[in-house]
Amino acid sequence: MPVTTEELLELDPRECGVEEFCDRLFDYLGHAGQTMYDETVTQLEHGLQCAALAEQDGHGQALQVAALLHDIGHLVLDEHDERDDFLETDQRHEVVGARLVTAWFGAEVGGPVALHVPAKRYLVAIDPSYANGMSQASVRSLEVQGGPMTDDEISAFEQRPHYAGAVQLRRWDDRGKVADAGVPGLEHWRPAVIDSLQTHHQTPSDSDS
């Protein structure tokens, strides 16, 4: 049986081991991520494209894993394009996802996830041309997420840890919506996921024990 959302919320790599954790996380992403992110890509395809962009741009494993998992909050909340109420209210998917990701991987991964929605508001405010490249779904969600930042909000955002990583993640988020993009599948990211888990929890892999 596929891993359910309730089972995902109970996952702890310290209890089940990093290899089994990765198996179960990928199982969840593989089936829950088949819902549509927008009219073009599934949520899984979107995450895989964002992770591939992070890798192509030469960023480390923490940002690659953050890019892969940045919208896991949508999956937990069952938010997707096939729901009539999708993006009509802000359920703070970035906060829901960041709590999970930070518990699993630490702030180096969870911080950019938590800030990827504020990063959109930031970019719209500082770069007048940025909004021209946003998808219809991003334009819709911006309205319920607070619109462009004020000057005070910009200054405060730039003082947040991981804000620069969140801005990078936001740009991949906007680019990772291409139909039939030829990017690696989930198994490509197993080493990055396992290494990030080990770095945070300082535990050997199952195969090393």
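**Exercise 1. Is Asp-152 buried or exposed, and where does Asp-152 sit?**

*Solution.* Start with the accessibility classes: buried means under 20% relative accessible area, exposed over 50%, and partly exposed in between, with a 1.4 Å probe and protein chains only. At 64% relative accessibility, Asp-152 falls in the exposed class. Next, locate Asp-152: helix H10, residues 151–157, holds this residue. Helices here are DSSP runs of H or I with at least four residues, strands are E runs of at least two, and both are numbered from the N terminus.

A word on the model before you go on. This is a predicted model, in which local features need pLDDT of at least 70 and side-chain atom pairs count only at pLDDT 80 or more, while totals for chains, interfaces and linings use all residues. Residues are numbered from 1 along each chain as its sequence is written, and side-chain values use heavy atoms, leaving out hydrogens and water.

**Exercise 2. Describe the surroundings of Thr-5.**

*Solution.* Thr-5 belongs to helix H1 (residues 5–10). With a relative accessible area of 19%, Thr-5 is buried. Now list its contacts (heavy atoms within 4.5 Å): leaving aside residues up to four places away in sequence, Thr-5 touches Tyr-28, Leu-75 and Val-76. Its side chain also makes a polar contact with the side chain of Tyr-28, at 2.8 Å. Such a contact is a pair of N or O atoms within 3.5 Å; within protein, one must be able to donate a hydrogen and the other to accept it, and residues adjacent in sequence count only if both atoms are side-chain atoms.

**Exercise 3. Which residues have the most contacts inside the largest nonpolar core?**

*Solution.* First, the rule: a nonpolar core is a set of buried Ala, Val, Leu, Ile, Met, Phe, Trp, Tyr and Cys residues joined through side-chain atoms within 4.5 Å. The largest such core has 42 residues, and Leu-8, Leu-25, Leu-29, Trp-104 and Phe-105 have the most contacts inside it. Helix H3 gives the largest share, eight residues. Then follow Trp-104: among the residues it touches are Leu-8, Pro-13, Ile-72 and His-200.

**Exercise 4. How are the rings of Trp-104 and Phe-105 arranged, and those of Phe-157 and Tyr-163?**

*Solution.* Rings of Phe, Tyr and Trp (its six-membered ring) pair if their centres lie within 6.5 Å; planes under 30 degrees apart are stacked, over 60 edge-to-face, and the rest tilted. The count comes to six aromatic pairs. Trp-104 and Phe-105 are edge-to-face, at 6.4 Å centre to centre with 85 degrees between the planes. Both Trp-104 and Phe-105 are buried. For Phe-157 and Tyr-163, the centres are 5.6 Å apart and the planes stand at 75 degrees, so this pair is edge-to-face as well. Phe-157 is buried at 3%, whereas Tyr-163 is partly exposed at 25%. To finish, ring pairs link Phe-21, Trp-104 and Phe-105 into a cluster.

**Exercise 5. What is the phi of His-162, and what is that of Asp-180?**

*Solution.* His-162 has a positive phi near 75 degrees, though it is not a glycine. Its place is the loop between H10 and H11. Asp-180, also not a glycine, has a positive phi of about 60 degrees, and Asp-180 lies in the loop between H11 and H12. Compare accessibility: His-162 is partly exposed at 26%, while Asp-180 is exposed at 77%.
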